[in-house]
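Biologist: I have a protein on the screen and a list of things to ask. Can we take them one by one?

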Amino acid sequence: MKQKLSIGIPTYNQGPYLEKAILSVLNQTVLPYEFIICNNHSTDGITDEILSKYQDKVKIISPPNHLDLMANFDYLAHQMTGDWITFTCSDDYFEPNFVQLFYENINEDAVLHRFGINWINEAGVITKCSRIRSVKKNQTFPGNFYEQLSGSKGSFGATIFKMGTLKKVGFFDRNLKLNGDWGLYLKFSEQGSFEYIDKIGGNVRLDYRPTLPIERFQIDTTDQYYIYGTIQKNIIEKHNLKKTFYNNALKLRLYKLEQFVKEKNLERFDSLDKFENIVPLPHIKNKRQYLIRSYYQRFYEIFIKK
């Protein structure tokens, strides 16, 4: 029996981009089993206008009250009924054959399928094509965990995961405000294999508002402290994994965080100090050390992870 794929779009005040995201689903070469949009009580006026145009073609829902970003993803996921689910943010959009590629390459034994993405700017112009060259076509645990140590190897804009596994890990971790995808992939890693389809599946808008990285930096750092200090740490201890590359990833991440603080002339804050306290000594002192450790981590991810 054909597997059922549900697509969800969580949206909040992104009216100018929303219609393109909707049409990227409705115009798929193979339509999904289910398509739901979760309007998180938008106030821009444009969102409601766009949604009214497609109310006969799309199931539209809203949470009881306004939620933060990842909580809205989680609420939407609870309403989806497919065997597999995927999301695109309302300022992103899928390639026309995304669903078709999934059905043509599905591995029913895997828990997650991921594709390459295009990075796009505010105008929708492609600035970079990103394929995940450092992952295997089919990656099992603990390799699929180790590859996620330094950051998410996959994007919500082009990742499909098994609903049964999402339920098993307790859906989204609402402790995470921005990095729910990264936290989810880490938890998925110990549940089964990851399949990589070397095709472009989606288009993701990156840093289209110049102040966005600074606006999100403290929240992002708090997320990262939780991911490293709780999610990754728990999986390592549960399976008695080696900490060598985990510790190296911690040092790389701290260096990047502290460099951002210096470059943007920001004040230090509580979650950055907490993150620093979980990083083993000695810390990375300069860019040369950072580059050496980065090459070391990447070599491990590509060639010797097991």
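Modeller: One term before we start: contact means heavy atoms within 4.5 Å. Keep in mind that this is a predicted model.

Biologist: Which residues does N40 touch, not counting residues up to four places away in sequence?
Modeller: N40 lies in the loop between β2 (34-39) and α2 (46-53). Leaving out residues up to four places away in sequence, its contacts are T11, Y12, P63, N65, H66, L67, D68 and N72.

Biologist: Is N40 buried or exposed?
Modeller: Buried means under 20% relative accessible area. N40 has 2% relative accessibility, so it counts as buried.

Biologist: How many Å apart in space are N40 and L67, C-alpha to C-alpha?
Modeller: L67 is among the residues that N40 touches. In sequence the two are 27 residues apart. In space, C-alpha to C-alpha, N40 and L67 are apart by 6.7 Å.

Biologist: Now the whole fold. How many helices and strands does the protein have?
Modeller: Helices and strands are counted separately here. The protein has eleven helices and ten strands.

Biologist: Why is the protein as compact as a globular protein of that length?
Modeller: The globule rule gives 19 Å for 306 residues. The protein is as compact as a globular protein of that length because its radius of gyration is close to that value, at 19 Å.

Biologist: What share of contacts between residues at least 6 apart in sequence join residues at least 24 apart?
Modeller: Take the contacts between residues at least 6 apart in sequence. The share that joins residues at least 24 apart is 79%.

Biologist: What percentage of the residues is buried?
Modeller: The surface first: the protein exposes about 14,500 Å², and carbon and sulfur atoms supply 50% of that area. As for the 306 residues, the buried share is 53%.

Biologist: How many disulfides are there?
Modeller: A disulfide needs two cysteine sulfur atoms within 2.5 Å. For C38, the closest cysteine sulfur is in C89, 12 Å away, too far for a bond. For C129, the closest is also in C89, at 19 Å, again too far for a bond. By this rule the number of disulfides is zero.

Biologist: Is S155 buried or exposed?
Modeller: S155 is in the loop between α5 (143-146) and β9 (159-162). Not counting residues up to four places away in sequence, S155 touches I117, Y185 and V204. Its relative accessible area is 13%, so S155 is buried.

Biologist: How many residues of helix α7 are buried?
Modeller: Helix α7 covers residues 180-189. Its buried residues include Y185, W182 and K187.

Biologist: Last one. How many Å in space separate Y146 and A249, C-alpha to C-alpha?
Modeller: Y146 is found in helix α5. Y146 is buried, at 6% relative accessible area. In sequence Y146 and A249 are 103 residues apart. C-alpha to C-alpha, the distance in space is 9.8 Å.

Key:
Residues are numbered from 1 along each chain as its sequence is written. This is a predicted model: local features need pLDDT of at least 70, side-chain atom pairs count only at pLDDT 80 or more; totals for chains, interfaces and linings use all residues. Side-chain values use heavy atoms; hydrogens and water are left out. Helices (H or I, at least four residues) and strands (E, at least two) are DSSP runs, numbered from the N terminus. The radius of gyration is taken over C-alpha atoms; the globule rule is 2.2 Å times the number of residues to the power 0.38. Buried means under 20% relative accessible area, exposed over 50%, partly exposed in between (1.4 Å probe, protein chains only). Accessible areas come from the Shrake-Rupley method with a 1.4 Å probe; for residues, only the protein chains shown count as cover.
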